[in-house]
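Morning, everyone. Let me put the model up, and then we can walk through the sheet.

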Amino acid sequence: MSEASRLKSTVYVGGLDNAVNEKLLADAFLPFGEIIDVTIPKPELLSSQDSHRGFGYVEFEGAGDAKEAIDNMDQSELFGRAIRVAPAKPQKESNEGLGSKTAIWETEGWIAQHAVSEEDRLSAQEAQHAPIPSEDPMQSIDSDVAGPRFEESTR
């Protein structure tokens, strides 16, 4: 099964009670079609007292079964808690998005977009070392009063 078709036949189930395990989750979704796999991710912290992270994935044999499960199980109750059932999203790679282990400026896309060419760098250096004009910008003012001139109207 291709990755795209596998993703279409997988549903995300959120809001799970700690009492729910993979067998109970599979039993709850069995009426909607043949189940290939059920996964409930464990907590990342070893010190956590929870048995899982509160969500799971159910992979069906066909995309139609997954759609049927979403239509019938979203906002239903499982062990006293309303669960959210939605199409699964592809897993982000470890180097993208929040929680990335790689600094943004170390990714190729960012470098390509924000890199400064050698020509731009040289022109910036020339601008820094250019002599400052000695002209006084206020030199062209005829009077000591700054601001617009109002002509007196005759009555």
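How many bridges join strand E1 to E3, and do they run parallel or antiparallel? There are 5 bridges, and E1, residues 10-14, runs antiparallel to E3. Keep in mind that this is a predicted model.

Next, the whole sheet. It is open and has 4 strands, in the order E2-E3-E1-E6, with antiparallel pairing. E2 and E6, residues 84-87, are the edge strands, and each of them pairs on one side only. From one strand to the next, the twist averages 20°.

Over to E6. E1 and E6 are paired by 4 bridges, in the antiparallel sense. Val-11 has Pro-87 in E6 as its bridge partner.

Two helices pack on this sheet. Helix H2, residues 22-29, touches E1, E2, E3 and E6. The direction of H2 makes about 140° with that of E2. Helix H3, residues 63-73, packs on the sheet too, touching E1, E3 and E6. The direction of H3 makes about 150° with that of E6.

Back to E3, then. Why do we call strand E3 largely enclosed by the rest of the structure? Because 5 of its 6 residues, in the stretch 55-60, are buried. Buried here means under 20% relative accessible area.

That's the tour. Thanks.

Technical notes. Residues numbered from 1 in each chain as written. Predicted model: local features only at pLDDT ≥ 70, side-chain atom pairs only at ≥ 80, totals over all residues. Heavy atoms only, no water. Buried < 20%, exposed > 50% of the residue type's maximum accessible area, 1.4 Å probe, protein only. Pairing = 2+ DSSP bridges. Axes fitted to C-alpha atoms, helices over the stretch in contact; angles between N-to-C directions. Contact = heavy atoms within 4.5 Å.
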